[in-house]
Amino acid sequence: RTFKRQMMCRRDIDSLSVPFLAIYESLIPPEEEKLKQKQLLGLLEKLVSKEWPMARLYLYGSCANSFGVSKSDIDVCLAIQEVDMDKSKIIMKLADILQSDNLQNVQALTRARVPIVKLMDPVTGISCDICINNLLAVVNTKLLRDYANIDTRLRQLAFIIKHWAKSRGVNETYHGTLSSYAYVLMCIHFLQQRRPAILPCLQGMDATYSVTVDNVDCAFFDKVEKLGHFGRHNKESIAHLVWGFFFYWAYCHDYANSVISVRTGSTISKRDKDWTRRVGNDRHLICIEDPFEISHDLGRVVDKRSIKVLREEFERAADIMQYDPNPCVKLFEPY
Ligand code: ATP
Ligand code: MG
């Protein structure tokens, strides 16, 4: 592997944007799906407020961060201040409340790393996970959505990358590969470091939004409509960016020493974060700093075997983007 290998992109790269955009368009959820999600949220709010009038429900994850493809499940967070009840008790109680209504397959998963209630609404056909007081996820959902509103190329790139990762089987944290959330952060980082930059660093600007959640100060510039079209000086096409993304992760990222950090709009050194060795089951073979929980490496699930799989997939994709006559087909071939 040659670090920072220089390579020219193929000449016909921009013509590939047409098929890539067609894939992107085909993944966008139709308006009626959004309406059904709102309908289900309304039903849940009604049921929850009967028992807990002060509680609130928030959508988070891909149904709210604008990176959700068609037919995704929805992620809901119940914000509740019941001091005398632990999370698993609340989960049991919540499952109880929802069970008695017309919802199907209501399951309380109290022993999961993040305890949740899972359910399916037979009317809309939508499945849903409800967690308790996970407000950092609500805030990072807002950050991602604000980034998406700056330049449409982020949403396009992230849809294509998520679709690729699902097709190739590298979007499975329980198998040591990366979450959708991690891939979106990789896309944001990538667009922050293009020259000229396509995205700014919202956490590096004067904050217009600021909350403290679980003792973490979350502050960033959220008036993104005021940025004009921030990325206008960069004219790179979506196909060029897909090529660049894979090329970056295949041949340019310094896995041994660098951490990607959307928070700083740059990379930082592994040594500064003390992410140089394995601690328990946490390895740091690819390092992606969470924008708010900065001691949290989203790459910690990746192990010795899966880092190899991931890097080979990045190289495969980069090579397809460089040489294949029909990259839009080959790239997404099931593994
Ligand atoms: P998908 O379309 O695949 O469901 P998603 O955007 O819902 O994608 P997930 O990876 O399922 O992405 O994560 C859902 C949300 O949970 C994220 O948007 C994020 O707010 C939060 N989240 C997920 N993983 C983490 C993590 N490791 N640390 C902090 N927050 C996380
Ligand atoms: Mg999700």
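Trainee: What makes E9, E8 and E10 one sheet?

Mentor: Strands are DSSP runs of E, at least two residues, and helices are runs of H or I, at least four, numbered from the N terminus. Two strands pair if DSSP finds at least two bridges between them. In this predicted model, E8 (residues 258–261) and E9 pair antiparallel over 4 bridges, so the pair meets that definition. The 3 strands form an open sheet ordered E9-E8-E10, with mixed pairing.

Trainee: Why are E9 and E10 called edge strands?

Mentor: Strand E9 (266–269) and strand E10 (287–289) each pair on one side only. Neighbouring strands of this sheet are turned by 35 degrees on average, direction ignored, using axes fitted to C-alpha atoms.

Trainee: How do you know that helix H6 packs on the sheet?

Mentor: Helix H6 (residues 180–192) touches E8, E9 and E10, where contact means heavy atoms within 4.5 Å. The direction of H6 makes about 90 degrees with that of E8; angles run from 0 to 180 degrees between N-to-C directions, the helix axis being fitted over the stretch in contact.

Trainee: What makes a space a cavity?

Mentor: On a 1 Å grid over the protein atoms alone, a 1.4 Å probe fits there but cannot get out. The count is 1 cavity of 30 Å³ or more. Lining residues have an atom within 4 Å of a point; among them are Pro29, Lys34 and Asp73.

Mentor: Two notes on conventions. Residues are numbered from 1 along each chain as written, and chains are lettered from A and ligands numbered from 1 in written order. Local features need pLDDT of at least 70 and side-chain atom pairs 80 or more, while totals for chains, interfaces and linings use all residues, and side-chain values use heavy atoms, without hydrogens and water.

Terms used
1 Å grid on protein atoms, 1.4 Å probe; cavity = no way out; pocket = protein on both sides within 12 Å on 5 of 7 lines; lining within 4 Å. Points joined across faces, edges and corners; volume = space filled by probe spheres on them.
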